[in-house]
Amino acid sequence: MKNLRVAGRYAKSLIDLAIERNQLEEVEKDMETLRELAKVRDFAMLLKSPVVPPAKKRSILETILEGRVGEMTNSFVRILVNKGRESDLIDIADSFQNQYRDIKHISAVKVTSAKPLDAATLKQIERQLIAAGKTESQIEFTTKVDPELIGGFIIEFDGKVYDASVAHKLNQLRKDFDQPNVYISQIDAS
(Lines give C-alpha, C1' and ligand atoms only; values in the text may rest on other atoms or scores of the structure.)
Protein backbone atom coordinates (compact mmCIF):
# COMPACT_ATOMS: atom_id res chain seq x y z
CA MET A 1 0.00 0.00 0.00
CA LYS A 2 1.35 3.40 -0.92
CA ASN A 3 1.90 5.87 1.88
CA LEU A 4 2.38 9.09 -0.05
CA ARG A 5 2.51 11.29 3.05
CA VAL A 6 5.45 9.30 4.47
CA ALA A 7 7.12 9.21 1.05
CA GLY A 8 6.75 12.97 0.71
CA ARG A 9 8.27 13.63 4.12
CA TYR A 10 11.27 11.37 3.56
CA ALA A 11 11.80 12.83 0.09
CA LYS A 12 11.64 16.38 1.49
CA SER A 13 14.21 15.51 4.17
CA LEU A 14 16.53 14.03 1.56
CA ILE A 15 16.13 17.04 -0.73
CA ASP A 16 16.84 19.45 2.13
CA LEU A 17 19.98 17.51 3.08
CA ALA A 18 21.13 17.28 -0.56
CA ILE A 19 20.68 21.04 -1.00
CA GLU A 20 22.50 21.72 2.26
CA ARG A 21 25.44 19.57 1.13
CA ASN A 22 25.29 20.87 -2.45
CA GLN A 23 24.61 17.39 -3.86
CA LEU A 24 21.09 17.83 -5.23
CA GLU A 25 21.97 16.86 -8.80
CA GLU A 26 23.87 13.76 -7.70
CA VAL A 27 21.07 12.56 -5.43
CA GLU A 28 18.50 13.22 -8.18
CA LYS A 29 20.48 10.92 -10.50
CA ASP A 30 20.62 8.34 -7.70
CA MET A 31 16.84 8.50 -7.28
CA GLU A 32 16.46 7.96 -11.02
CA THR A 33 18.74 4.93 -10.73
CA LEU A 34 16.52 3.56 -7.94
CA ARG A 35 13.42 4.14 -10.05
CA GLU A 36 15.02 2.21 -12.91
CA LEU A 37 16.03 -0.62 -10.57
CA ALA A 38 12.43 -0.81 -9.33
CA LYS A 39 11.39 -1.88 -12.82
CA VAL A 40 13.26 -5.13 -12.13
CA ARG A 41 10.67 -7.36 -10.49
CA ASP A 42 13.10 -9.08 -8.11
CA PHE A 43 14.37 -5.74 -6.78
CA ALA A 44 10.84 -4.49 -6.14
CA MET A 45 9.89 -7.80 -4.47
CA LEU A 46 12.96 -7.60 -2.22
CA LEU A 47 11.94 -4.16 -0.97
CA LYS A 48 8.41 -5.30 -0.15
CA SER A 49 9.23 -8.75 1.25
CA PRO A 50 8.39 -9.19 4.94
CA VAL A 51 10.22 -12.57 4.91
CA VAL A 52 13.74 -11.25 4.22
CA PRO A 53 15.31 -10.00 7.48
CA PRO A 54 16.43 -6.33 7.58
CA ALA A 55 20.12 -7.24 7.94
CA LYS A 56 19.94 -9.40 4.81
CA LYS A 57 18.07 -6.65 2.90
CA ARG A 58 20.68 -4.10 3.94
CA SER A 59 23.47 -6.39 2.74
CA ILE A 60 21.77 -7.12 -0.58
CA LEU A 61 20.93 -3.46 -1.19
CA GLU A 62 24.50 -2.37 -0.41
CA THR A 63 25.79 -4.92 -2.93
CA ILE A 64 23.29 -3.86 -5.61
CA LEU A 65 23.80 -0.13 -5.08
CA GLU A 66 27.59 -0.18 -4.72
CA GLY A 67 29.08 2.00 -7.43
CA ARG A 68 25.63 2.95 -8.76
CA VAL A 69 24.67 5.59 -6.18
CA GLY A 70 26.54 8.03 -3.99
CA GLU A 71 27.30 7.74 -0.29
CA MET A 72 24.45 10.04 0.75
CA THR A 73 21.91 7.85 -1.04
CA ASN A 74 23.49 4.68 0.37
CA SER A 75 23.23 6.13 3.88
CA PHE A 76 19.64 7.12 3.24
CA VAL A 77 18.76 3.58 2.08
CA ARG A 78 20.42 2.14 5.21
CA ILE A 79 18.32 4.46 7.39
CA LEU A 80 15.15 3.35 5.59
CA VAL A 81 16.00 -0.32 6.15
CA ASN A 82 16.79 0.34 9.82
CA LYS A 83 13.42 2.04 10.25
CA GLY A 84 11.57 -0.68 8.33
CA ARG A 85 10.62 1.75 5.54
CA GLU A 86 12.45 0.09 2.63
CA SER A 87 9.10 -0.84 1.09
CA ASP A 88 8.49 2.92 0.66
CA LEU A 89 11.77 3.49 -1.18
CA ILE A 90 10.31 3.68 -4.69
CA ASP A 91 7.47 5.97 -3.59
CA ILE A 92 10.09 8.15 -1.90
CA ALA A 93 12.15 8.21 -5.12
CA ASP A 94 9.01 9.22 -7.08
CA SER A 95 8.17 11.94 -4.57
CA PHE A 96 11.78 13.14 -4.65
CA GLN A 97 11.58 13.49 -8.42
CA ASN A 98 8.34 15.49 -8.20
CA GLN A 99 9.76 17.80 -5.54
CA TYR A 100 12.99 18.17 -7.52
CA ARG A 101 11.00 19.24 -10.59
CA ASP A 102 9.14 21.81 -8.50
CA ILE A 103 12.40 23.25 -7.17
CA LYS A 104 13.96 23.37 -10.65
CA HIS A 105 10.74 24.62 -12.35
CA ILE A 106 10.52 21.63 -14.66
CA SER A 107 7.21 20.38 -16.02
CA ALA A 108 6.83 16.69 -16.80
CA VAL A 109 4.87 16.29 -20.03
CA LYS A 110 3.80 12.97 -21.55
CA VAL A 111 3.18 12.96 -25.30
CA THR A 112 1.48 9.98 -26.92
CA SER A 113 1.44 9.97 -30.70
CA ALA A 114 0.50 7.62 -33.53
CA LYS A 115 4.08 7.68 -34.85
CA PRO A 116 7.38 8.65 -33.23
CA LEU A 117 7.84 12.43 -33.03
CA ASP A 118 11.06 14.06 -34.13
CA ALA A 119 12.98 16.57 -32.01
CA ALA A 120 11.69 19.53 -34.05
CA THR A 121 8.05 18.61 -33.37
CA LEU A 122 8.73 18.19 -29.64
CA LYS A 123 10.51 21.55 -29.62
CA GLN A 124 7.47 23.15 -31.28
CA ILE A 125 5.14 21.59 -28.70
CA GLU A 126 7.46 22.84 -25.95
CA ARG A 127 7.47 26.40 -27.33
CA GLN A 128 3.68 26.47 -27.57
CA LEU A 129 3.14 25.13 -24.05
CA ILE A 130 5.60 27.63 -22.56
CA ALA A 131 4.21 30.53 -24.62
CA ALA A 132 0.67 29.69 -23.48
CA GLY A 133 1.85 29.73 -19.86
CA LYS A 134 0.61 26.18 -19.36
CA THR A 135 3.93 24.78 -18.12
CA GLU A 136 7.14 25.80 -16.42
CA SER A 137 10.00 27.24 -18.49
CA GLN A 138 11.64 23.81 -18.75
CA ILE A 139 9.90 20.69 -19.95
CA GLU A 140 10.88 17.06 -19.49
CA PHE A 141 9.16 14.96 -22.16
CA THR A 142 8.13 11.33 -21.94
CA THR A 143 7.03 9.99 -25.31
CA LYS A 144 4.95 6.99 -26.19
CA VAL A 145 3.75 5.61 -29.53
CA ASP A 146 0.19 4.30 -29.85
CA PRO A 147 -0.79 3.48 -33.46
CA GLU A 148 -4.47 3.27 -32.43
CA LEU A 149 -4.52 7.08 -32.30
CA ILE A 150 -4.43 6.99 -36.13
CA GLY A 151 -2.88 10.48 -36.20
CA GLY A 152 -2.29 13.49 -34.00
CA PHE A 153 -1.23 13.25 -30.36
CA ILE A 154 -2.29 13.39 -26.72
CA ILE A 155 -0.48 15.67 -24.27
CA GLU A 156 -0.72 15.04 -20.51
CA PHE A 157 0.67 17.19 -17.68
CA ASP A 158 -0.41 18.53 -14.29
CA GLY A 159 -3.44 16.26 -14.31
CA LYS A 160 -4.67 17.73 -17.60
CA VAL A 161 -5.15 15.91 -20.89
CA TYR A 162 -5.20 17.60 -24.29
CA ASP A 163 -6.38 15.09 -26.86
CA ALA A 164 -5.70 16.16 -30.45
CA SER A 165 -5.75 12.65 -31.88
CA VAL A 166 -7.70 11.56 -34.95
CA ALA A 167 -9.20 8.67 -32.95
CA HIS A 168 -10.60 11.15 -30.41
CA LYS A 169 -12.09 13.34 -33.13
CA LEU A 170 -13.67 10.28 -34.79
CA ASN A 171 -15.19 9.26 -31.46
CA GLN A 172 -16.63 12.76 -31.05
CA LEU A 173 -18.15 12.57 -34.54
CA ARG A 174 -19.58 9.13 -33.76
CA LYS A 175 -21.23 10.53 -30.61
CA ASP A 176 -22.60 13.50 -32.56
CA PHE A 177 -24.16 11.17 -35.13
CA ASP A 178 -25.69 9.04 -32.38
CA GLN A 179 -27.59 12.06 -31.05
CA PRO A 180 -31.14 12.50 -32.33
CA ASN A 181 -31.19 14.87 -35.26
CA VAL A 182 -33.50 17.81 -34.55
CA TYR A 183 -33.95 18.64 -38.23
CA ILE A 184 -35.06 15.14 -39.21
CA SER A 185 -37.66 15.08 -36.47
CA GLN A 186 -39.05 18.42 -37.79
CA ILE A 187 -39.25 17.03 -41.33
CA ASP A 188 -41.05 13.89 -40.11
CA ALA A 189 -43.59 16.06 -38.24
CA SER A 190 -44.62 17.95 -41.39
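Leu 46 touches Val 52, Lys 57, Ile 60 and Leu 61, not counting residues up to four places away in sequence; contact means heavy atoms within 4.5 Å. This is a predicted model: local features need pLDDT of at least 70, side-chain atom pairs count only at pLDDT 80 or more, and totals for chains, interfaces and linings use all residues. Residues are numbered from 1 along each chain as its sequence is written, and side-chain values use heavy atoms, with hydrogens and water left out.

**Around Leu 46**
- Leu 46 belongs to helix 3 (residues 41-48). Helices (H or I, at least four residues) and strands (E, at least two) are DSSP runs, numbered from the N terminus.
- Leu 46 counts as buried because its relative accessibility is 11%. Buried means under 20% relative accessible area, exposed over 50%, and partly exposed in between (1.4 Å probe, protein chains only).
- Lys 57 sits 11 residues from Leu 46 along the chain, and their C-alpha atoms are separated by 7.3 Å.

**Helix 2 against helix 6**
- The axes of helix 2 (residues 24-37) and helix 6 (residues 89-104) come within 9 Å and cross at roughly 140 degrees. Axes are lines fitted to C-alpha atoms, for helices over the stretch in contact, and angles run from 0 to 180 degrees between N-to-C directions.
- The two helices, helix 2 and helix 6, are therefore oblique to each other. Angles under 35 degrees count as roughly parallel, over 145 as roughly antiparallel, 65 to 115 as roughly perpendicular and the rest as oblique.
- Helix 2 brings residues including Leu 24, Val 27, Met 31 and Leu 34 to this contact, and helix 6 brings residues including Leu 89, Ala 93, Phe 96 and Tyr 100.
- The residues of the contact of helix 2 with helix 6 divide into 9 nonpolar, 1 polar and 6 charged. Ala, Val, Leu, Ile, Met, Phe, Trp, Tyr, Cys and Pro count as nonpolar, Asp, Glu, Lys and Arg as charged, and the others, Gly among them, as polar.

- An open sheet holds 4 strands in the order 2-1-3-4, with mixed pairing. Two strands pair if DSSP finds at least two bridges between them.
- Strand 2 (138-145) and strand 4 are the edge strands, each pairing on one side only.
- Neighbouring strands are turned by 20 degrees against each other on average, direction ignored.
- Strand 1 and strand 3 run antiparallel, joined by 4 bridges. Lys 110 stands opposite Glu 156 in strand 3.

**The hairpin**
- Strand 3 (residues 152-157) and strand 4 (residues 160-165) run antiparallel, joined by 6 bridges.
- Phe 157 has Lys 160 as its bridge partner in strand 4. Gly 152 stands opposite Ser 165 in strand 4.
- The hairpin of strand 3 and strand 4 has 2 residues between them, and Asp 158 in the turn has a positive phi of about 50 degrees.

**Helix on strands**
- Helix 8 (residues 166-178) lies across strand 3 and strand 4, running at about 85 degrees to strand 4.
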